[in-house]
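Reader: I am new to this structure and would like a close look at a single part of it, with the surroundings described step by step. Could you take me through it carefully?

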Amino acid sequence: MESSILKFGHIPEVLSDKERGLVSYLMQAVEATDDLYQRQKNSALPGANFYPPDASKKEIEQAAKKNPAILDPYTFVERAANGKLIATPYVKKFEKELTRISNLLKEAAEYADDLTFRAYIRARAEDLLRETYDESNLLWVKSGNAKVGFVLGAFDRYLDQLFFRKRAYMGWVGILDEPRTREMAEFTKAFLSGDRKHLPGAKNAQVPQARIRVEDTLVFAGLIGDFSFVGSSLPSFADAEFIKRYGTMFTMFKPSLANRFESIFEIFRTVFSQEVQNRYSKESLRHAFLYISVLHEASHNLMRYEDAVTRLQEFFPYFDEGYADILSIKGCGPLLLQGVFTEWQLEALLLMNICESIYFCKRYMDASQVGPYAIGSTMSLDFLLQGKALIHTKNGFEIDAYRAFVVFDQLSHIFEYYIAIGTYNEAKVFLRRAKTKKTFAHFAPYIEDKRQEEYALV
Ligand SMILES: [Zn+2]
């Protein structure tokens with residue numbers, strides 16, 4: 001059977017016996033979420049296993065009008081013997097498994113010396129069986145710079161492509177990298193400071209605080225392992241009320257950043273001309289990739305609109321992820337003026353953003369679940385090509401950074417419209433314009449892949 005568990009290295013020797021006990025129980029609990037995730041996942045169905053395969057979107061919507069539990073984020077929808085749709089809570093379906101995980105967390109808490117962190121693990125053990133995560137989420141964001149990083153629960157909704165409602169199980173354990181966290185916290189603060197204007201009529205929601213952690217991850221399981229995220233912002237924006245009061249915390253995962261960078265560097269090495277390549281060492285690009293990844297997570301906190309999720313429904317994540325990528329470049333403008341970045345560094349960030357967009361288009365060919373990442377990527381690559389910011393030569397691609405920034409500025413206004421005030425139908429029409437396969441065909445011949453012949457350059 002497939003597994004979503006990703007292990008990165010061993011428990012560090014420098015930890016005390018007690019800390020090792022803590023980490024080992026947490027890891028067991030996280031690994032146990034794989035089973036729950038596998039039962040939610042179903043790549044063949046847009047609604048995964050959350051809805052009966054024979055139920056239409058309309059039927060589900062109708063049923064939800066009478067019974068709101070149908071579209072509750074924490075239920076499975078099933079067809080009863082009499083043909084009616086019924087909602088079964090995760091806590092009921094997974095009672096045995098969740099009780100076991102909850103007990104592992106209670107054991108883990110016995111080893112925690114950090115009192116806030118201990119209270120957090122205990123609260124999470126309770127919340128798992130209730131499926132309201134607010135109490136434990138609050139303790140988690142308060143745990144801030146705890147040495148051990150740990151999250152477990154049903155959070156992100158990317159598996160549910162039908163309604164973007166149902167939350168999938170996931171978990172991770174990591175150890176805080178203190179110096180890197182300090183460095184990135186300062187940088188994030190500079191990036192997020194400053195006034196922002198919003199479109200008239202937009203219901204802007206201010207996020208009071210965005211905390212950051214950079215971790216040496218030990219294990220991923222569930223959705224986060226399956227998607228190999230490089231960073232994660234929690235609580236998710238579906239918890240709008242919570243975020244407005246207490247803010248968020250985002251975690252950057254060093255081992256998956258390192259893995260992703262290798263794939264992206266390979267794309268850089270093959271797609272761009274020798275002349276572009278000669279301008280940057282691998283190390284300088286590695287650093288640029290860390291920055292754009294932090295900028296992406298931080299950007300999620302810049303564009304929160306109270307009604308965006310309900311207005312855009314299942315299209316929300318496409319705009320949320322696409323806009324975060326665009327803002328992460330556009331938002332660098334003020335940092336250039338402040339002298340945080342040089343023009344040379346900014347071009348490196350741009351190159352990494354472009355290579356990551358190509359990377360997501362490529363991944364999208366195999367897994368439609370990465371759609372929210374690939375559609376925004378497709379649009380920015382398209383605009384860059386059309387705007388002659390990315391220029392195809394016989395020696396590979398060249399970049400015109402000046403034109404690229406103009407393109408990102410245009411794109412940011414387009415995406416802002418949809419996320420701030422656009423309607424569901426407008427969003428639907430707009431997203432249809434992205435043709436990932438066609439856009440990827442420009443780059444495919446450079447990328448060593450078995451599909452090479454399949455996508456001839458157009
Ligand atoms: Zn994101």
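Predicted model: local features only at pLDDT ≥ 70, side-chain atom pairs only at ≥ 80, totals over all residues.

Helix 18, which covers residues 371–386, has 16 residues and reaches 22 Å from its first C-alpha to its last, close to the 22 Å expected at 1.5 Å a residue. Helix 18 is mostly covered, since 13 of its 16 residues are buried, and just after helix 18 comes lysine 388, which takes a positive phi of about 55 degrees.

Most residues other than glycine have a negative phi, and most peptide bonds are trans.

The loop between strand 4 (148–154) and strand 5 holds phenylalanine 164, whose phi is near 55 degrees, a positive value in a residue other than glycine. Phenylalanine 164 counts as buried because 21 C-beta neighbours lie inside 10 Å, the cut-off for that class being 20 or more. Serine 228, in the loop between helix 9 (223–227) and strand 7, has a phi near 40 degrees, again a positive value in a residue other than glycine. With 16 other C-beta atoms within 10 Å, serine 228 is therefore partly exposed.

A cis peptide bond joins leucine 234 to proline 235, with omega at about -10 degrees. Alanine 238 is also found in the loop between strand 7 and helix 10, and because it has 17 other C-beta atoms within 10 Å, alanine 238 is partly exposed. Not counting residues up to four places away in sequence, alanine 238 touches Pro73, Arg157 and Val309. Alanine 238 and phenylalanine 164 are 74 residues apart in sequence, and their C-alpha atoms are 10.0 Å apart in space.

Leaving aside its neighbours within four places in sequence, glycine 171 is in contact with Ala29, Val30, Thr33, Val151, Leu152, Ala221 and Gly222. Leucine 138, by contrast, is 33 residues from glycine 171 along the chain, and the C-alpha atoms of the two are separated by 17 Å.

There remains a pair of helices to describe. Two packed helices are described by the angle between their axes and the distance between the axes. For helix 8 (residues 178–192) and helix 13 (residues 282–299), the axes come within 10 Å and cross at roughly 50 degrees. Helix 8 and helix 13 are therefore oblique to each other, and their crossing is right-handed. On the side of helix 8 the contact is made by Met184, Phe187, Thr188, Phe191 and Leu192, while helix 13 contributes Val294, Leu295 and Ala298. Sorted by class, this contact of helix 8 with helix 13 has seven nonpolar residues, one polar residue and no charged residues. A general point about spacing can be read alongside that list of residues. An α-helix has 3.6 residues a turn, so residues three or four places apart point the same way.

Notes. Residues numbered from 1 in each chain as written. Axes fitted to C-alpha atoms, helices over the stretch in contact; angles between N-to-C directions. Helix = DSSP H or I, 4+ residues; strand = E, 2+ residues; numbered from the N terminus. Parallel < 35°, antiparallel > 145°, perpendicular 65-115°, else oblique. Left-handed = near helix turned anticlockwise from the far one by under 90°. Contact = placed C-beta atoms within 7 Å. Nonpolar A, V, L, I, M, F, W, Y, C, P; charged D, E, K, R; others polar. Expected span 1.5 Å × (residues − 1). Buried ≥ 20, exposed ≤ 12 C-beta atoms within 10 Å, placed from the backbone.
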